[in-house]
Amino acid sequence: MAAGRVPPGALNLKQFLRRQQVLQLYRKILRAIREVPAEQDRRYLKDWAREEFRRNKDATEEDAIRMMITHGNMQLQELQRTLKLAKS
């Protein structure tokens with residue numbers, strides 16, 4: 001490959017950064033799920049998270065992806081609040 005050439009299918013900078021945001025959100029959700037006390041609930045939430053991210057993995061529209069990230073962050077915050085309340 002010649003210098004300066006981008007391979008077909010490579011992500012541009014904006015896509016790369018958005019992908020990193022999605023992966024970071026996924027990791028945060030899985031870490032939060034680890035704090036759920038009941039094994040059955042943990043399993044359910046983990047399966048739910050995996051399925052949601054899998055179902056949307058082929059999304060390409062920038063606005064839709066931003067909206068999904070925002071929605072995911074809101075759900076993460078709700079899970080964290082619920083876990084905090086359960087511990088107190």
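Which residues gather in a patch of positive charge on the surface? In this predicted model, they are Arg-19, Arg-27, Lys-28, Arg-31, Arg-34, Lys-46, Arg-50, Arg-54 and Lys-57.

## Basis of the model

The model is predicted: local features need pLDDT of at least 70, side-chain atom pairs count only at pLDDT 80 or more, and totals for chains, interfaces and linings use all residues. Residues are numbered from 1 along each chain as its sequence is written, and side-chain values use heavy atoms, with hydrogens and water left out.

## Surface patches

Patches consist of residues with over 30% relative accessible area and no salt bridge, like charges being joined within 9 Å and nonpolar side chains within 5 Å. Helix α1 gives the positive patch its largest share, 5 residues. Lys-46 lies in helix α2 and, at 36% relative accessibility, is partly exposed (between 20% and 50%; buried is under 20%, exposed over 50%, with a 1.4 Å probe).

A nonpolar patch of about 410 Å² is formed by Leu-11, Leu-13, Phe-16 and Leu-17. Leu-13, in helix α1, counts as exposed because its relative accessibility is 62%.

## Salt bridges

The whole structure holds 8 salt bridges (a side-chain nitrogen of Lys or Arg within 4 Å of a carboxyl oxygen of Asp or Glu). Glu-35 pairs with Lys-87, their closest N and O atoms being 3.5 Å apart. This pair links distant parts of the chain, 52 residues apart: Glu-35 is in the loop between α1 and α2, and Lys-87 in helix α3.

Arg-66 and Glu-62 form another salt bridge, at 3.8 Å, within helix α3. Shared partners join Arg-18, Glu-62, Asp-63 and Arg-66 into one network.

Conventions. Areas by Shrake-Rupley, 256 points an atom, 1.4 Å probe, with all protein chains shown as cover. Lys, Arg positive; Asp, Glu negative; His and termini not counted. Charge placed at Lys NZ, Arg CZ, Asp CG, Glu CD. Helix = DSSP H or I, 4+ residues; strand = E, 2+ residues; numbered from the N terminus.
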